[in-house]
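Thanks for making time this morning.

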Amino acid sequence: MTLEARAETTSAAAAQGASPRWSGVALMVGSGLSNQVGASVAALAFPVLGPVGVVAVRQWVAAVVLLSAGRPNLRSFTAAQWRPVLGLAAVFATMNLTLYAAIDRIGLGLAVTLEFLGPLAVALASSRRRIDLACALVAAAGVVVLTRPRPSTDYLGIGLALIAAVCWGCYILLNRTVGERLPGLQGSAAAAAVSGLLYLPLGAAALWLHQPTVGALLCALAAGVLSSAVPFLADLLALRRVPARFFGIFMSVNPVFAALIGMLVLDQHLGAASWLAITVIVTANAVSVGTAANTRRKTNLPR
């Protein structure tokens, strides 16, 4: 093989390796934007339906959409396949309820920033590169600045957001396992269906106690599509293209999206220190992504 042919083959292999990575990045960005826009729309319905009512409608919408897309053959699932599906369903339901309750108390930007501690913990636990560990620690420092105690601090809201953080970390790992054990979208669809069933009694009670309006129901329905169906599918597909550690660090962009969307949609403004912390988080994320790309590029070079 000539040097020119060998170089062309190497370039083609590098391009094939880069394509899944960048498609995974695009999926994660789309997931984050959709999730935070959906959360802001959901917050508009809190005064009428309450967090429980909004989450219930969101879960039902996600179940319908994902069941239609995934068409799981539930009778063929083995015990080894059902275990992560049931775990994902429980985590999914708990994460949404605690996050929405936190948003209702402490606002979108702070709640989502605290929730980010979950994927950040995944990044710290699974990283093998020193640069990733350093970037995760820098991002964690930014999170600390964003959540610094104040006289008006709502500790119950912070506690709820931290529970959501634990759930998000579990969600990343379980979603990856589900993607490995079940083909297509069957696992995600089954988890969404189980989660929707769990919310039938809670949602019915919430809607009975809080008389819904057309506007509130439309907001809850939109939240179901934007914050459940779209991210659920996008995250599953992204985790098949990138490692869990890479996913965990890259998702630091969610606090940025939450702060910006909270400002634009909910009129929730942050101070200078908070925006500085967000800048630090974004920078740490960019360094991690850039160095990971450089490492892969060097690995693919001919020797």
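Predicted model: local features only at pLDDT ≥ 70, side-chain atom pairs only at ≥ 80, totals over all residues.

Let me begin with Tyr171, which, leaving aside its neighbours within four places in sequence, is in contact (heavy atoms within 4.5 Å) with Leu88, Val91, Met95, Pro231, Phe232 and Asp235. Residues are numbered from 1 along each chain as its sequence is written, and side-chain values use heavy atoms, with hydrogens and water left out.

Tyr171 belongs to the largest nonpolar core, which has 43 residues, and is one of those that touch the most other members, a group including Met28, Val85 and Trp168. By nonpolar core I mean a set of buried Ala, Val, Leu, Ile, Met, Phe, Trp, Tyr and Cys residues joined through side-chain atoms within 4.5 Å. Helix α2 gives the most to this core, with six residues; helices here are DSSP runs of H or I, at least four residues, numbered from the N terminus. Apart from it lies another core, of 36 residues, among them Val41, Val57, Ala220 and Phe257.

Trp168 is found in helix α6 and is buried, with a relative accessible area of 5%, where buried means under 20%, exposed over 50% and partly exposed in between, using a 1.4 Å probe and protein chains only.

Turning to charge, how many salt bridges does the structure hold? There are two, a salt bridge being a side-chain nitrogen of Lys or Arg within 4 Å of a carboxyl oxygen of Asp or Glu. In one of them, the side chains of Asp154 and Arg105 meet at 3.0 Å, N to O. Asp154 lies in the loop between α5 and α6, and Arg105 in helix α2, so the pair ties together parts that are 49 residues apart in sequence.

Glu180 forms a salt bridge with Arg176, with the closest N and O atoms 3.9 Å apart, and these two, four residues apart in helix α6, are separated by about one helical turn. Glu180 is exposed, at 60% relative accessible area, whereas Arg176 is partly exposed, at 27%.
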